[in-house]
Protein chains: 2
Amino acid sequence: MTKTAMPGFSPCNNATLRRAARKLSRFYDDVIAPSGLKGTQYGLLYQIYVGSEPAMGTIAEEMVMDLSALGHTLKPLIRDGYIEAFADKDDRRIKRVRLTTQGLAKLEEATKLWSTAQQRFEDMVGRQRAADLRAMLDEVAELDYEVPPAAPSS
Amino acid sequence: MTKTAMPGFSPCNNATLRRAARKLSRFYDDVIAPSGLKGTQYGLLYQIYVGSEPAMGTIAEEMVMDLSALGHTLKPLIRDGYIEAFADKDDRRIKRVRLTTQGLAKLEEATKLWSTAQQRFEDMVGRQRAADLRAMLDEVAELDYEVPPAAPSS
DNA sequence: CACAGATAGTGGTATATGCCACTAATTGGA
DNA sequence: TCCAATTAGTGGCATATACCACTATCTGTG
């Protein structure tokens, strides 16, 4: 292996993406912090808000998140009274969630903070470039990767 | 608040970035899995490899990662014998790390797998677009956000 | 030299996320 | 109708990551 001096950070798309995510998350987290929410939690509340009492599986799919991970992440929000869960009327396997009154208030409070973070970020990179970046990232999140089986012999 | 139908996933740059990171990480993780490493661990081994017995603080800075987070992440790799730590000769506060023989072998093994993931990803989005994306993400990771103090009165 | 202040890491705690094994509920046949 | 296969979530466990409080070192200055 050769130790080549790299332009930028690393040629690895994954490492680069994660690195940027760490940095940007910290920024949004810092700005949203006064509300008591983390950026991820804000996003989750928002996603639940825009959905119509979405099922957990639906949210997981939209957020490209593992279902069990979503369950774990939801817990603090339920514990703090921002979200409530209930079984679907027709299919009791399905668990739906909605914001509580308190959750909606918290979302509105956090949205004000979020706006300043969003604004500041877009002021720095440019509104259009931010939109382009999001489009590219949406695409990455939607790709159909098909991991090749290790032994496709069978 | 108005529930507007959004193009793409969410207008939030942070949520979009994290979502893409989840998806891409799972892909790289899956491909690298046969080596027993996670994508993040691979990236860390690589970073240590290209550095010259880097100090933890240096790695944390390069990876835009919290120092304590790095410490936690390093533990399994040390436990498994891929990395070893030692105190800097001149400043005993500084802890440096290097790959063990085993760690180097593992890095080489994982690099073969990583290449297929990297290749497949770039085949899907295009080599140039991937490079553009990385450049944009590098920029995001390097931005100087300056969170405004809540009470800038002083 | 002594000490206040700055630096580098550690450990604890909490959220973020994923995989796996398992349970509950539903559904599609035979 | 009844059971095998499928679907939706849960709980346990492990890594990823952050912040905070604390310890161990250095360093600059009187």
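Does B:E109 count as buried, partly exposed or exposed, and at what relative accessibility? In this predicted model, B:E109 counts as partly exposed, at 34% relative accessibility.

## Salt bridges within chain B

B:E109 is paired with B:K106 in a salt bridge whose closest N and O atoms are 3.1 Å apart. Both residues belong to helix α5 of chain B and are separated by 3 residues, about one turn of the helix.

Over all chains, the rule gives a count of 22 salt bridges.

## The interface of chains A and B

The contact draws 66 residues from chain B and 66 residues from chain A. Together the two chains bury about 6600 Å², of which 62% is on carbon and sulfur atoms. Across this interface the rule finds 34 residue pairs in polar contact, both residues being at pLDDT 80 or more. On the side of chain B that touches chain A, the elements giving two or more residues are α1 (13-32), α2 (39-50), α5 (101-125) and α6 (127-142) of chain B. The largest share of that side, 17 residues, comes from α1(B). By class, the side comprises 34 nonpolar, 13 polar and 19 charged residues.

The rule also finds 6 salt bridges across the interface. A:R129 forms a salt bridge with B:E139, the closest N and O atoms lying 2.4 Å apart. This pair crosses between chains, from helix α6 of chain A to helix α6 of chain B. A:R129 counts as partly exposed at 34% relative accessibility, and B:E139 is partly exposed with a relative accessible area of 30%. Elsewhere, a network of salt bridges links A:R19, B:D138 and B:E142.

## Nonpolar core

The largest nonpolar core has 88 residues, and A:I83, A:F121, B:I83 and B:F121 touch the most other members. Leaving aside residues up to four places away in sequence, A:F121 touches residues of both chains, including A:L24, A:F27, B:V140 and B:L143.

A:Q128 is found in helix α6 (residues 127-142) of chain A. With a relative accessible area of 54%, A:Q128 is exposed. Its side chain makes a polar contact with the side chain of A:D132, at 2.8 Å.

Methods
Residues numbered from 1 in each chain as written. Chains lettered and ligands numbered in written order. Predicted model: local features only at pLDDT ≥ 70, side-chain atom pairs only at ≥ 80, totals over all residues. Heavy atoms only, no water. Contact = heavy atoms within 4.5 Å. Buried area = accessible area lost by both parts, 1.4 Å probe. Salt bridge = Lys/Arg side-chain N within 4 Å of Asp/Glu carboxyl O. Polar contact = N/O pair within 3.5 Å; in protein donor to acceptor, adjacent residues only side chain to side chain. Helix = DSSP H or I, 4+ residues; strand = E, 2+ residues; numbered from the N terminus. Nonpolar A, V, L, I, M, F, W, Y, C, P; charged D, E, K, R; others polar. Core = buried A, V, L, I, M, F, W, Y, C linked by side-chain atoms within 4.5 Å. Buried < 20%, exposed > 50% of the residue type's maximum accessible area, 1.4 Å probe, protein only.
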